[in-house]
Structure formats: structure tokens, C-alpha cells
Amino acid sequence: MAEGEDPKETKQLGEGEKTQTGLVGRLREGGTALSKRAVEEAKTYKDPQQTQLWKSIFRVSHDRSDPRNRSLAILSNVFLHLHPAKINRDATRYNFTWGMGGITFYLFIVLTFTGVLLMFYYHPSKGQAFRDILYLEHDVPFGKLLRNMHRWAAHLMVITTWLHMFRVVLTGSYKKPREFNWSVGVVLLVLTLLLSFTGYLLPDDQLGFWAVTVGTNMARATPMFGHEGPFGPQLGMTPFNDVRFGLLGGSIVDANALLRSYIWHCIGIPLVASIFMAVHFWRIRKDGGISGPAPVMLESEMKAIKKT
Amino acid sequence: MWAAIAGSLITYFLMFVKFFLPRSILEPSSVFKIGFPSDYALGVDTKWQQQYRIWVDKTADRLFVIYARCTHLGCTPDWKASENKFKCPCHGSGYDNEGINFEGPAPRPMDRAHVELDAEGQIVVDTNRLFKWPKGERDEFEDKDRGAYIPL
């Protein structure tokens, strides 16, 4: 002000300087903060378990020095512990559950995986279906292995489903409060058998063709909806509008039947079965976990009681 | 309100069911010509089995066409000339040389197809019009006037 400058100007200039230094300052600050953060981030990359990516996948940190924390790594793993982490001690005994439900589910996983791979080579048409099977058997690398894995897993899944059901009967696990889950299980059994049956036709060989001929001929005798069943003819059922026609997409086992069987086998039934499986597993937990025998005492506990 | 929702859901379901029942299908015709009665010798002729799923059966006084479908669960039996019988490979049903069941689970003789002679004298077969002889019921095989066989 001494030199008689316009106070307005100085003020303006001052403000101008301030904003300039402010912007640069902020930029500098931001830069240093960013580099600091980058350094910190870089540090975390030395330990990938500290990254957000890692933490978003694995919920619990695995501190290896803490045994309880180590066990959590096993217990919270979906593949190792599809069953809930905490269950009745006695229910873990294999001679009680046989692990049959779990084995059935794992077989379903195997079948889904091998089935999807088979779909890469298989065309569901009369001209090509059987040729594709031969191609898979003889020319596709590991095709024979893949096809046999699918076949044997399918047979096994039917067997383990029955054994699982047998076990549930033997241990009375269908009783209250598990009646509903038993019913869900019966639906899953039917879906498993249907998956097996629809898969039978797909190789389009003599075995499958006649099996499906026989199987769908049984549908002729369906009450009311089959043209040879009780009340069928009275309700206007003919070979061209009954339930068998709907299953085959025709009156004979032909191209339509192959395509329908393929779609039910690969999409329709697995989708429905997955939904029922989700409900089935969820209900196990809601109904009190895997059903076990009456609580059993460990020998160590008995000794403790005897001592007192 | 709920009735409307239920009504539309039922309608959708019926549409879904109807979707699986096509109006027309591309399947081989059930009506075809198989030549003249004089083309056939006495006994069972299997030459049309692969193409039309029929056997032509000629006896002393008549010619009829057996529809080659086992009456148990619908497989195609085999003609065993040496044993003079039809044998089903699926569950073992046996039929004599006129398609009459005598062993295995088959509930009735094999059905016979409608036959008639056209103006030319050729045999015309229709496998959609079948003659049956269920156990304890009327024998349709004798219905000459309806086309169960051609008298010779």
C-alpha cells in the first residue's frame, strides 16, 4: 500500500497467487499421497494375502501361527466343507451316513463337467449322433476316457442315490422334522432316473433305441393320458396326441425324440434337479444338520464320569 | 384377482404342454403298396420288415399282413425260420408263424394291418388301421369285410 498501489489490484494479485500456489500445492500433496499409497500398495503386493482381491475371495485371514485360525481355513472352504462347519459329532462317522448323499452330489458335479465336454463333439441328429460317439471313442484325445467317466459316473449316481435312500430309511432320518426333505429327495431320485433314461438314447445305438422304445411304450398305458391306458381312448387319446407323442415329438422314436431327449438331458432336468438339490441341502441344515444317532459318549468322557 | 392370476398361470401351463404336441409330423406314410398276392409264396415273407415293419403271411386260404411290433413293449421280433416262430429279442415273447403268442410276456397276438386290393390288383397296406385279438375279447382277425385279410 505504501507505493500507492491500487489495493484492489494487490488483493486480486494476492488472491491469484494464492490460488496458483494452492492448486500446485494440492497437486503436489496429492502426488505425494498417491506415491505414498503406491508404496503401501506395493508393500502389500509382497504379501498377496493383504490385497483387496485376495480378501474379497477368502473372507478369513489365515494366520498360520494360530491353530484355531488354521482350522478355519479348512472349515470355511466350500469344496472341503459343503456340509456345515459344525455338525453333530456322531454324524461324521462314515459307518453311519456312508457319505452317500455327498458322494451322489460329487458324482453330479463329475457328470456336469464331463457332460459339458461331451457336448463339444456331440450333435443330436440322426445322421451324426452315433458317428460322433465313434469319433469320441477313437479320434478325440481322451474322448474314450471322457465318455466312460460320464457313463460310469451315471451308473454310480443311480446306485449311490438308492444307497443314500436306503441309509436314510435305516437310520429313520425321514422322520419328523425331515419329512419334507424326504419328499424332496424322492423327487431328486425320480429326476436322477430320468437323467439316466434320457441319456440312454443319446448314443443312438441299438441298445438305447430299443430301451427308449420299450420305455416310451409303457407311457402308452398311462391312465387318461395314454392311448392304451385306462380311460385314455374315452378321453380321445390316439397315438398322435397322447403323452407318448409329447415325449417323443412323434409316434415313433425318431429325430424329434433324439433332440427332445438331448434337451431334457442337458438342460431341462439338470436345471430342475439343481434347484431341488439346493433346497435339499438347505433343508438338511434347517432341519438340524445331518441326522445322527442318539448322542454317544467318548471313552474319555466316560472315564471322567467314572472317576467322579 | 387371485382367480385371474391362477387362470393365467393355468393357461401358460396348458400352452407349455401343448407346445410339446406338434400339429403335423414328418413321418413315413402308413399306407403303401407291396405288389400282387401272387408275388408271395406260402408262409412268412420278411422282405418288407426293414422298410415298412411288416411281414406278409400267406396261408392256404388267405393273405394277411402282420405289423412287426411285439405286443409286450413294442420291439421288433425276429423271424426264426428254423424254429418256425417269431421271437422278440427284448423280453423273449414268442409267436407262431401266424403271429399268435405262445410264450413270454406278450399279452396278445401281434396286430395285423389293414389290407385291400387296388384297381390294379396290388396289395395296399395301412399300418395305421390295425386289427387286434386281445385275450378274452372279439377276434378282429376274421373281419374280412373290414380288411383284416385278403381271401385267396
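Helices (at least four residues) and strands (at least two) are DSSP runs, numbered from the N terminus. With that in hand, chain A comes to 12 helices and 0 strands. The model you are looking at is predicted, and it pairs chain A with a chain B in which 13 residues of chain A are in contact with 9 residues of chain B. Here is a short tour, topic by topic.

**Chain A as a whole**

- Reading from the N terminus on, the elements of chain A run α-α-α-α-α-α-α-α-α-α-α-α.
- Chain A has 308 residues, and 20% of them count as buried.
- Among the contacts in chain A with a separation of 6 or more, 60% come from residues 24 or more positions apart.

**Where the two chains meet**

- On the side of chain A that touches chain B, the elements giving two or more residues are α9 and α10 of chain A.
- Helix α9(A) supplies the largest share of that side, with 5 residues.
- By type, the residues on this side of chain A divide into 5 nonpolar, 7 polar and 1 charged.

- G215(A) is a residue of helix α9 of chain A.
- Because 18 other C-beta atoms lie within 10 Å of G215(A), this glycine is partly exposed; the buried class would need 20 or more.
- G215(A) and F197(A) are 18 residues apart in sequence, and their C-alpha atoms are 8.6 Å apart in space.
- M224(A) sits in the loop between α9 (206-218) and α10 (243-248) of chain A.
- The phi of M224(A) is near 70 degrees, a positive value in a residue other than glycine.
- For background, most residues other than glycine have a negative phi.
- M224(A) has 13 C-beta neighbours inside 10 Å, so this methionine counts as partly exposed.

**An open sheet in chain B**

- Chain B holds an open sheet of 4 strands in the order β5-β6-β7-β8, with antiparallel pairing.
- β5 and β8 (101-103) of chain B stand at the edges with a single partner strand each, so one side of each has no neighbour in the sheet.
- On average, neighbouring strands of this sheet are turned by 35 degrees against each other, direction ignored.
- In general, strands of a sheet pair through backbone hydrogen bonds.
- Strand β7 (residues 94-96) of chain B is joined to β8(B) by 2 bridges, and the two run antiparallel.
- Within β8(B), E103(B) is the residue that stands opposite G94(B).
- N84(B) is found in the loop between β5 (78-80) and β6 (85-87) of chain B.
- Here too a residue other than glycine has a positive phi: the value for N84(B) is near 55 degrees.
- N84(B) counts as exposed because it has 11 C-beta neighbours inside 10 Å, and the exposed class takes in 12 or fewer.

**The nonpolar cores**

- The largest nonpolar core has 22 residues, and those with the most contacts inside it are I54(B), F64(B), V65(B), I66(B), V115(B) and V125(B).
- Two or more residues of this core come from each of β3 (54-58), β4 (62-67), β9 (112-117) and β10 (123-131) of chain B.
- β4(B) gives the most to this core, with 5 residues.
- Leaving out residues up to four places away in sequence, I54(B) touches W48(B), V65(B), I66(B), Y67(B), A68(B), A113(B), V125(B) and T127(B).

Technical notes
Residues numbered from 1 in each chain as written. Chains lettered and ligands numbered in written order. Predicted model: local features only at pLDDT ≥ 70, side-chain atom pairs only at ≥ 80, totals over all residues. Pairing = 2+ DSSP bridges. Axes fitted to C-alpha atoms, helices over the stretch in contact; angles between N-to-C directions. Contact = placed C-beta atoms within 7 Å. Nonpolar A, V, L, I, M, F, W, Y, C, P; charged D, E, K, R; others polar. Core = buried A, V, L, I, M, F, W, Y, C linked by C-beta atoms within 7 Å.
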